[in-house]
Amino acid sequence: MKRILLMVLRNILMVPWMWFRLCYHAKYPDKYTLEEHFAVLREIVRRANKGGNITIRSYGEENLPKEDGFVMFPNHQGMYDVLAITAACSRTYSVVAKKEIKDIPFLKQVFCCIHAYYIDRDDIRQSMQVIGEVAKEVKSGKNFIIFPEGTRSKKGNQLLDFKGGTFKCAVKAGKPIVPVALINSFVPFDSHSIKQVIVEVHFLKPLYPEQYQDMNTSKIAQWAKSEIEKTIAKSEAAL
């Protein structure tokens, strides 16, 4: 967590004000629009990245569907993932996360602002209920992030298996599925380095309902994982 300390020290004069604004927005999530919440979050992330020697490179945002109401499925590398996507993406979204991170400071406030849903992985009934609620939200035009690995990979840019069940909300809503490849997103918060790091966020071409109508969720999961793995391999080969 050396980089977090670096972020704080280099923004020491702004930290109290930024923390106050974040906590206020989290306390009154319905007082502001999602766009207003994201304006605050992006400013905080921008300052944190600059102070923490983090550069975000965004690719393929033009691949995102023109209309809202889609689900992004990134590989899961660490606690920095959502912040990387926030910096890279100009669209608003909510998140489906595991309940274990519900009370982690800072992430707790961020997720409150964006109206995140929490899944209890040990409670199948609760998980299915969340999937149903998220499907309704997506169908109504809200965008979401769901991590199909279910937990973060501790193998750097190597992926874990994607769980087919995580794709059910998009399929149930009949909305586009967008794979997102994160590269080196584990470095900022899950390594001891404070050296300059480049985090890549690749928004890949979506899979639309007419394309996946004959695929089950396991096949969709395999496709999404393959697309992300190919993108990571291509990026690493270019170095």
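The model is predicted, so local features need pLDDT of at least 70 and side-chain atom pairs count only at pLDDT 80 or more, while totals for chains, interfaces and linings use all residues. Residues are numbered from 1 along each chain as its sequence is written, and side-chain values use heavy atoms, without hydrogens and water.

**Ser 191**

Ser 191 sits in the loop between helix 8 (187–190) and strand 7 (197–203). Helices (H or I, at least four residues) and strands (E, at least two) are DSSP runs, numbered from the N terminus. Ser 191 counts as buried because its relative accessibility is 19%; buried means under 20%, exposed over 50%, partly exposed in between (1.4 Å probe, protein chains only). Two distances from its side chain follow.

Beyond neighbours within four places in sequence, Ser 191 is in contact with Met 1 and Phe 186. Contact means heavy atoms within 4.5 Å.

**Helix 2 and helix 3**

Helix 2 (residues 15–27) packs on helix 3 (residues 34–51) at about 150°, with axes 11 Å apart. The pair is therefore roughly antiparallel (angles over 145 degrees, on a scale from 0 to 180 between N-to-C directions). Met 18, Arg 21, Leu 22 and His 25 of helix 2 meet Glu 36, His 37, Val 40, Leu 41, Ile 44 and Arg 47 of helix 3. By class, this contact has 5 nonpolar, 2 polar and 3 charged residues. Asp, Glu, Lys and Arg count as charged; Ala, Val, Leu, Ile, Met, Phe, Trp, Tyr, Cys and Pro as nonpolar; the others, Gly among them, as polar.

Note on methods. Parallel < 35°, antiparallel > 145°, perpendicular 65-115°, else oblique.
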